[in-house]
Amino acid sequence: MNLYIELLASTIRMSVPLILACIAGLWSERAGIVDIGLEGKMLIAAFIAASASAVLGSAWIGLFCAILASLSFALVHGYAAINQRGNQVVSGVAINMLAAGLAVVLGNEWFREGGRTPALPPEGRFLPLHFPALDELPVIGPLVRVFLEHSVLAYAAFALVPLTAWALARTRFGLRLRAVGENPHAVDTAGISVAALRYRAVIIAGVLCGVAGAYISTSLSSSFVRDMTAGGGFMALAALIFANWRAWPALGACLLFGFLQAVGNFAQGASIGGFQIPVQFINMLPYVLTVVLLAGFIGKSAPPKASGIPYVKDR
Amino acid sequence: MMQARGELPNWVDAGLIPLINLAVALIASGLVVLVIGENPFEAMWIMIQGSLGSLKGWGYMLYYATNFVFTGLAVAVAFHAGLFNIGGEGQAYMAGVGAAAVGLGLDFLPWPILLPLAILAAMAMGAFWAWIPGVLQAKRGSHIVITTIMFNFIAASLVGYLINYWFRPVGKMAVESREITGAYILSAREVAREFFGVRIASSPLNFSVFLALIAAWAVWYLLWRTKLGYEIRALGANPAAAVYAGIRPDRIIIIAMTISGGLAGLMAVNEILGVQHRLLLGYVGGAGFVGIAVALMGRSHPIGILLAAMLFGLLYQGGSELSFARPEINRDMVVVIQGLVILFMGALEYAFRPALSALFYSVGREGNQ
Amino acid sequence: MTPAIELIRIDKRFGSVHANKDVSLAIAPGSIHGIIGENGAGKSTLMSILFGFYHADSGEIRVKGKPVRIKSPSDAIALGIGMVHQHFMLVEPFTVLENVVIGAEGGTLIGPALSRARAELTRLAKDYELEVDPDAIVGELPVGLQQRVEILKALFKGAETLILDEPTGVLTPDEADHLFRILRTLKDQGKTVILITHKLREIMAITDRVSVMRRGELVATRETKATTVEELAELMVGRHVLLRVEKGPSKPGETVLEVKNLTWKDRKGIPRVDNVSFTLRKGEILGIAGVSGNGQSELLDVIAGIARPASGQVIFEGKDIGILGDPRHVRAEGLAHVPEDRQHRGLIGSFDAAESAILGWHHLDSLGKGYRLDRDKVIARAKVEMEEFDVRPPDPLLKSSKFSGGNQQKLIIAREIKSNPDLLIVGQPTRGVDIGAIEYIHKRIIQLRDEGKAVLLVSVELDEIRSLSDRILVMFAGRVMGERGPGADERELGLLMAGVSKDAA
């Protein structure tokens, strides 16, 4: 019983950065900007959050700085994709490398621990909220705690899903953003700036990746270590494809992948029910599932039509 | 009819602009060095000294370059077919399994038979790992960028499993296979000692470097001197025209990806058969991604790729020397430079073109008056 | 009366192309004003400037007498200018309502705007015959209805002046008639309409005044009633061109191509080529006339092996090549194909001319044994072709994209004719090609016929069909409406193109 509760708690924890990054990717790609750089933005944010929090002693300042760092990378991507009409995949690859390199080089220079940041004190972290009242509650108390005792960032991540679904469907911004990802010419001739819309999407993606990174280094963990995001950005990308670029299914996909990550982490220690599945197979499952989905064996994947294509006014 | 950006002479487009982009990437890298409180010129000098200042440095530089030629060519062949193969990393990793499996499993064979078999096995495994995304793109329309990324992760887990459960000898702590004794490639140092009685500095340089040269020539020949190469380039440049010409896109996509994966797989020959002599965890170490930078910098032409691979070889070798001499500058500085090169030579390729165009036109106009 | 729109001395360059040269134009309110000119005459650019899509290098725009600065489409929309583009600017997965509302949402939430639009659409439908289901997904609507959505978009945003860029190019004759009725109603309600077209018939049928553009210049403005088709045509082209081509009578030989009950369906299962049958004999040119989009392109693709037929046969010299579905094998049988869309399919812009000059024929043994491609032979072949067909400049190493449209086309025609085909199929051989090249291309096609080869010609230019063909088939909605001789009455052909057939009755 305890094991399952632990697994559930772990699933939620692992899902949080996935949800944040996946929704970041959703905003960006629904506007027509392919974002391979989720990973890099999360990584630099994780590093900056841990660094700023360690130096300035506040998780909130860490979060703020992380968002700024992720945002600056997002703007580079935006400039390359929107103003320069560069290849968006190439730009994303560059951002991932730049982040991976800079985090270690700067971390080494600042803290002299080979790229690691100092361990954070409790006030430098986003710790899970604690509800003492639940301790009194018999039987369901522990179960409710699993769902409620998470950091504020986790709450933010889960709140983000309905907010995104609503904003895309019901607001002027959402309508225009969806339109620009399908046919930017239609938006341009309606007198709306394609570039401004896409920049806003890229900025949202930057902010969300910043929060995701901060969560990883200051909530899930208490310092930054190299390659800390460990492919989470790509898993979020996989989840986004799995969810067919929609907010509610994205939540489902992230929870599924989060669960698989949690199982993977547990399986390293214990075998489940005497049945030993090599942990590597659990680890690769999200990617295998995504490939199977992309191959059209389950459902049909339909990305926004204009995604990845630079907007050029034609004559 | 899109001439809004102005026509520029060929040598500007193909020569000057890439050089400017490279210079800007290097200047930006210099700024990063400056930010961490070091002198970029001094750092540059240490790097050049560390790689070109000694025979050993040259050996290391060429050894790194060998890897990058293979992965760079892999990216370039796919580029010419209009495909972005980000999966060099996974393809090279899987190729290691092929090389090690043959090298270890058939080690009763004499080396003149075993070695070519091991090389072929490496290529075959790399090709296989690119063939699947190729087929999925060609037959099912699955976006190759995404599938190759996914295949990198699948390979990482799969090879990890294989080493752990199949290759690792019982009782061995390190996650690696036993030594490949039959199918390895002699290092340059051993050759010099054995056959010429000359002692040269120790380095991982081995005969794979010639394989890299052959591969570069073969790619050039394939792309510009064969009908298949013509079809690959036609598809990449204009898919509609290719279909009109009777070129089957699905066939070419699969072939180009298979060749690309095979080239990436050759990296295992240098690394597993040439240097490590065993299969070990995560041995590719990002060389697959360096290939993207190399291909972009080399403009997907074999000559350009050879030069770009040598530059990155220099950066990698010089970078590790630098981190010894100046511990403040981490080895990962090279990754930063790589990222900046990809950014400025790939995504921001045309950033300086309008300015240059304006410059040329104003000069031109003055000249005409 | 103050003009609704005034353009004063508008000048615009794109790099080395001078798209608009000192153009001045006044549009009377409540009128339908036509702007006519050949492809590339600068009509669309001029209107795009008025709509704020491009910016003029110099010149002034006045709306209702007031000088205005139009920096973007939103400025134009605010000034009551709406535009229906040649390629629709619609978001296909969206509903009609959502498409209409974009850019005129009126608030942060779109709910109120959608209900407002629903009411407005009902009113517009009544007033202007603009019925569309507001909840339909736009991508699933037929082209004619999609165009209506475009007009509704403009009217919903309060357009007083409506610009239509080549609106009938994609329409069936019925749909075009309906459009003209809508435009007349708009005019009666006091709206101003600017109609860009290259079709003289439309100008004569519906406009009050007409301006003619040629090579970026506005050369004349006339009252429609006071001018003639002949005068406008001459103004458009610049010199009096007789499209009569020197050609003797045909001497048809044996049958080369026999198309039997051929049907081809698109992805949605709609037959775009519908039970088409005809034969083509040696030494004759068979012309296929029709408004573009009536299945001619698809027919060419099936014969060339690019598309596989759903049913029916394409028998070429006694062999069914339809089942091959492979352009390479079809070529090997002796068929050459000049594609309709030169830029897009006929050559590869980034390849040098020599490489473009072997496209489709690159596997020939004469260009290298087996898998090899002999660069010297490729260049030598291109040199010969370029000289014979007077491609300028005759430099096989120049990038294909750097040649002019006419020279690109000559390069393609050279490539296909020099392959010595038994049958040449040609789509739009002179689209966007200068007069000199047109005459030359026509001459070569006739020469090929006189050598006893068969030619299948598809063109949307009726004049071209009539002057080149020995027999004429007219296609409409995927079907062959009838066959006529070269001397057929233009009006009769026009009726067939519009889907009105006496044969059927």
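1. A word on confidence before anything else: pLDDT is the predictor's confidence in each residue, on a scale from 0 to 100. For chain B the mean pLDDT is 90, and 96% of its residues reach 70 or more. Chain C has a mean pLDDT of 89, with 96% of its residues at 70 or more. As a whole, the model scores ipTM 0.91 and pTM 0.89.

2. Some housekeeping for reading along. This is a predicted model, in which local features need pLDDT of at least 70 and side-chain atom pairs count only at pLDDT 80 or more, while totals for chains, interfaces and linings use all residues. Residues are numbered from 1 along each chain as its sequence is written, and chains are lettered from A and ligands numbered from 1 in the order in which they are written.

3. Over residues 1-5 of chain B the pLDDT is below 50. Beyond near neighbours in sequence, that stretch has 11 contacts in the model, a contact being two residues whose C-beta atoms, placed from the backbone, lie within 7 Å. Where pLDDT is low, the predicted coordinates should not be read in detail.

4. Now to the meeting of chains A and B. Chain A brings 37 residues to this contact and chain B brings 40 residues. On the side of chain A that touches chain B, the elements giving two or more residues are helix H4 (88-111), helix H11 (232-242) and helix H13 (279-294) of chain A. Helices (H or I, at least four residues) and strands (E, at least two) are DSSP runs, numbered from the N terminus. H4(A) supplies the largest share of that side, 15 residues. By class, the side divides into 23 nonpolar, 12 polar and 2 charged residues; here Ala, Val, Leu, Ile, Met, Phe, Trp, Tyr, Cys and Pro count as nonpolar, Asp, Glu, Lys and Arg as charged, and the others, Gly among them, as polar.

5. Chain C also touches chain A: 23 residues of chain C are in contact with 18 residues of chain A. Helix H2 (residues 73-78) of chain C gives the largest share of the chain C side, 3 residues. That side holds 12 nonpolar, 8 polar and 3 charged residues.

6. What about the interior? The largest nonpolar core has 390 residues, and Leu20(A), Ile23(A), Ala239(A) and Phe312(B) touch the most other members. Such a core is a set of buried Ala, Val, Leu, Ile, Met, Phe, Trp, Tyr and Cys residues joined through C-beta atoms within 7 Å. A residue is buried if 20 or more other C-beta atoms lie within 10 Å of its own, exposed if 12 or fewer, and partly exposed in between, with C-beta atoms placed from the backbone. Helix H5 (residues 111-140) of chain B gives the most to this core, 16 residues.

7. Phe312(B) is a handy place to start looking. Leaving out residues up to four places away in sequence, Phe312(B) touches Tyr64(B), Ala65(B), Phe68(B), Val290(B), Ala293(B) and Val294(B). Val290(B), Ala293(B) and Val294(B) are among the buried residues of H12(B), a helix in which 11 of 11 residues are buried. Just after H12(B), Arg299(B) takes a positive phi of about 50°.

8. In chain A, have a look at Met42(A), which lies in helix H2 (residues 38-56). Met42(A) counts as buried because it has 34 C-beta neighbours inside 10 Å. The residues it touches include Pro17(A), Ala21(A), Cys209(A) and Ile216(A). Met42(A) and Ala21(A) are 21 residues apart in sequence, and 7.7 Å apart in space from C-alpha to C-alpha.

9. A few backbone details deserve a check. Most residues other than glycine have a negative phi, and most peptide bonds are trans. His277(B), in the loop between helix H11 (249-276) and helix H12 (287-297) of chain B, has a positive phi near 55°. His277(B) counts as partly exposed, with 19 C-beta neighbours inside 10 Å. Asn420(C) also has a positive phi, about 55°, and counts as exposed with 11 C-beta neighbours inside 10 Å. A cis peptide bond joins Arg392(C) and Pro393(C), with omega about -5°; Pro393(C) lies in the loop between helix H13 (375-388) and H14 of chain C.
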